[in-house]
Structure formats: structure tokens, C-alpha cells
Amino acid sequence: MLPSQALLPAVVFALTALQALASDTFIAAVYEHTVILPDPTQEPVPPDNALALMNKNMDVLEGAIKEAAQKGAHIIVTPEDGIYGWRFTRESIYPYLEDIPDPVVNWIPCTDPSRFGPAPVQERLSCMARNNSIYVVANIGDKKPCSSSDPKCPGDGRYQYNTDVVFDPQGKLVARYHKYNLFVVESQFNYPKEPEAVTFETPFGKFGIFTCFDILFYEPAVVLVNKMQVDTVLFPTAWMNVLPFLTAVEFHSAWAMGMRVNVLAANTHNTSMAMTGSGIYAPAGARTYSYNIKTEDGHLLIAELDAHPRLSPASPPAVSWNSYALSVERFSQNDREFTGIIFEDPFTFTELTKPEGNLALCQKDLCCHLTYKMAEKRDDEVYVLGAFDGLHVVEGQYYLQICTLLKCPSTNLSTCGEPVETAQTRFEMFSLSGTFGTSYVFPEVLYSGVQLAPGEFEVM
């Protein structure tokens with residue numbers, strides 16, 4: 001029997017544990033980090049120099065982690081490249097890499113740092129999680145030796161992976177993910193031999209994780225949501241706000257809406273490379289977000305989320321896109337069509353020549369339908385309906401189907417598709433739909449000043 005003086009703390013602990021296990025909500029945090037970058041070099045720096053740079057970045061991240069924990073956060077996501085930055089060759093990144101074991105080894109680096117050789121970065125991240133009783137998600141580099149008997153082994157005898165790690169509140173390594181869809185400039189890393197679908201269970205739902213460019217591909221993004229049935233996606237990213245995906249906030253919020261999951265998106269912050277835009281997104285819209293292209297400040301975001309969003313009454317119901325597309329009134333196709341380029345993709349356009357109307361526009365198997373009404377038709381602004389159905393090949397290869405209502409930079413139709421800073425025309429209403437050949441449809445709305453407008457658009 002417990003002594004009476006110990007009984008009350010034990011009861012309080014038991015109730016707290018039960019409450020955590022039964023929790024329907026949790027507090028999430030993401031940190032947009034202005035990464036301290038190494039000096040560009042073709043040659044590897046000494047390991048101590050590499051660790052010194054990483055410790056400078058981890059000093060900043062540790063401050064954010066402590067603040068998030070003090071404000072009640074259960075988990076925090078930090079950005080891709082957030083610990084060592086970029087500007088690397090395959091050779092020069094090597095001193096920044098560590099051997100990251102499979103989480104099945106049941107390892108707490110904070111208490112057993114030398115079990116798998118030198119791992120000062122993993123040790124420190126583990127201690128951040130343990131000392132603050134919070135899940136910590138970070139992006140670092142993994143190295144794995146390989147032999148000549150492996151036909152895919154690189155000439156230097158090792159694989160190098162862009163890697164996400166997750167440490168639980170005890171500091172244990174519970175997840176390791178190797179980025180499968182590398183961006184075109186990531187020549188310092190290898191592709192994993194097979195795509196990984198990495199998940200882990202928590203008292204507040206099932207989590208999955210992938211990195212940046214992965215969000216545009218079936219594996220792992222769709223697999224995690226549809227086959228693994230995760231509740232929340234952890235998303236370290238280094239997202240540049242360039243066409244065709246402007247901006248991070250709009251696209252990631254739309255992805256959460258379209259896939260009906262929570263998304264914790266932590267972006268790196270670098271205004272010279274147009275990197276900004278982090279947020280905590282639910283299927284019903286953004287819970288909180290930040291987009292700052294004016295200063296170099298980092299930013300911590302914290303919000304409450306439903307642990308199981310598909311079961312939440314606040315989440316929109318699942319959509320049958322095929323049924324919706326069949327119910328849309330068919331408009332006669334416009335005969336005033338012309339072509340234009342958006343980020344090297346050939347779009348078909350038609351101009352909105354009247355203050356209000358109905359338009360239809362097709363390219364291959366995609367037909368886009370627009371109903372609109374302007375408050376006033378301006379002579380100095382041109383708007384077009386656009387359609388693209390094809391293979392996008394600029395920084396990788398993936399198929400896109402896009403219906404877009406956009407403003408042209410000038411009244412010269414040859415400029416349609418080029419970036420636009422501002423728009424003055426006010427639309428009293430518009431409805432844009434398409435006969436998409438997929439159920440993965442993500443609605444985005446951009447406004448002047450690149451601001452998200454929660455509640456201004458919806459999945460119908």
C-alpha cells in the first residue's frame with residue numbers, strides 16, 4: 001500500500017496519464033527558422049567546424065523548443081535544412097552527416113550518446129525533447145556505408161540521405177525518414193532504394209512524416225494519408241514561393257483541406273530565396289500561419305488541433321469529385337482561345353471580356369468551368385481563365401491538372417502567365433470547377449499582398 005503522503009501525487013499522475021491517453025486535441029508548434037549558413041566551399045570543413053555551425057542553429061531551435069513546451073505544446077516541427085543549411089556539394093556536406101539508426105533499436109541518444117558512434121547532433125536533439133517533455137521533429141543528414149557488391153553504391157562508398165528524425169518526450173528516437181523525392185539541386189544526397197511510409201503512434205493520434213518536394217507525389221504523401229490513415233502529417237520544408245505553387249501557405253493549407261488531415265508545416269526563412277510561409281493547418285482551414293518576406297526574423301507558431309480530424313465535426317465531409325463534376329452545368333466552349341506559359345507549362349487561356357458570364361475551356365481531358373461577376377469591369381486590367389493538363393518537368397517530373405482564374409501583368413495578352421504583384425478588380429462572386437481525373441484536388445486562392453483568406457474559399 002502507498003503511504004498516504006504519496007497517494008495524492010500518484011492519483012494526480014494517474015489521472016494526468018489517463019487524460020493524455022483520452023485526449024481529443026493536442027497543442028502543436030512549428031518554427032520558421034532563419035538558418036545560419038556555412039560559407040560556400042567545394043572542400044569538406046573540419047568536423048569541429050561543421051559541429052560549431054550546427055550548434056549555432058541548434059541554439060536558436062532550442063530556444064524555440066523551450067518556449068513551445070512552456071506554452072503547452074506536445075510536438076514541435078523545425079524546418080528542412082534547419083540545422084546546417086544548404087550550399088553543399090556531395091563532398092562538402094559529409095562532415096555534417098551522422099549515422100542515424102533504425103528506430104527499432106530503442107535508443108535514447110541523450111542518455112546513451114556513443115552507442116552508434118559519434119552523434120552529437122542526435123544527442124542534443126534528444127536532450128531537447130527529453131528536457132522539455134515534447135516531441136521534437138528535425139531535419140538532418142544520414143550517412144550509410146555501402147560496398148562494391150552493391151551495384152548502386154556510389155563511388156565514394158557511402159549513401160547520403162536528406163533525413164527527418166523524431167524524438168519523443170523521453171528523448172527516444174521514434175521515427176527516421178529518408179526523403180524520397182529530391183529537388184533538382186539536391187545532388188549532395190542519394191535517393192533511397194524504395195519509398196518509405198514512416199508513421200508513429202502518439203497519445204494524440206497517428207502521425208506520418210515526409211519532406212518538402214515529397215508533397216507533390218503519390219509516394220509517400222498519398223500513401224501515408226490513404227493507406228496508412230495518418231491523422232497528422234509532419235512537414236519540414238524549404239519551400240521557395242515561386243510558380244506554379246504560390247505560396248507555401250496557400251498550397252499547404254489547401255493540401256490539408258483536400259487530404260482531410262492536419263499538416264504541421266515548418267519552413268526555412270530566407271527572403272533572398274523567397275523562402276517563407278509556415279503554418280498549422282486543419283481540414284477546415286488554417287489554425288495559424290505566418291508569411292514574412294520583409295524581415296529575416298524567425299517565428300514560432302502554436303495552435304490546438306483535433307487529434308483525429310476525420311472524426312471531428314469541424315472537418316468538412318469527404319467530397320465525391322466525380323459526382324460534383326458531373327453536376328456542374330456545361331457551358332459552351334469559348335472560341336477566343338490563346339496559349340501562354342506559366343513556369344514553362346503551356347496553358348490554354350481565354351479572356352474574361354464581359355463584367356459577368358459563364359466560360360468553359362478545355363485542354364486534353366481537363367475542362368474548366370467559370371461563373372463570375374465583377375463589381376466593375378476595368379479597362380486597365382485583363383483576367384483570363386486558364387487550363388493545363390500535362391507533365392510538369394522543370395524541377396522534377398509530375399503530372400498536373402490546373403484550372404486557374406488569373407490576372408495578366410498588362411493588357412497585352414502575351415504577358416498572361418507571368419507573375420503579378422497586385423490586382424484591383426473586385427469580384428462579387430466566382431465559381432471555378434474542373435473535370436479533374438483525380439480525387440486529389442487542392443483549392444487555392446491568392447489575394448493581393450499574398451495573404452491567406454480563411455473562410456473565403458471552400459471545398460464544395
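This tour visits a few salt bridges in the structure, one selection at a time.

The model is a predicted one, in which local features need pLDDT of at least 70 and side-chain atom pairs count only at pLDDT 80 or more, while totals for chains, interfaces and linings use all residues. Residues are numbered from 1 along each chain as its sequence is written, and side-chain values use heavy atoms, with hydrogens and water left out.

A search of the whole structure finds 13 salt bridges, a salt bridge being a side-chain nitrogen of Lys or Arg within 4 Å of a carboxyl oxygen of Asp or Glu.

Select Arg124 and Asp59 to begin, and you will find their side chains joined in a salt bridge, 2.5 Å from N to O. Because Arg124 belongs to helix α3 (residues 120-132) and Asp59 to helix α2 (residues 47-70), this pair ties together parts that are 65 residues apart in sequence; helices (H or I, at least four residues) and strands (E, at least two) are DSSP runs, numbered from the N terminus. Arg124 is buried, with a relative accessible area of 19%, whereas Asp59 is partly exposed at 45%; buried means under 20% relative accessible area, exposed over 50%, and partly exposed in between (1.4 Å probe, protein chains only).

Finally, move to Lys373 and Glu428, which form a salt bridge with their closest N and O atoms 3.8 Å apart. Lys373 lies in strand β16 (residues 366-374) and Glu428 in strand β19 (residues 427-434), so the pair ties together parts that are 55 residues apart in sequence.
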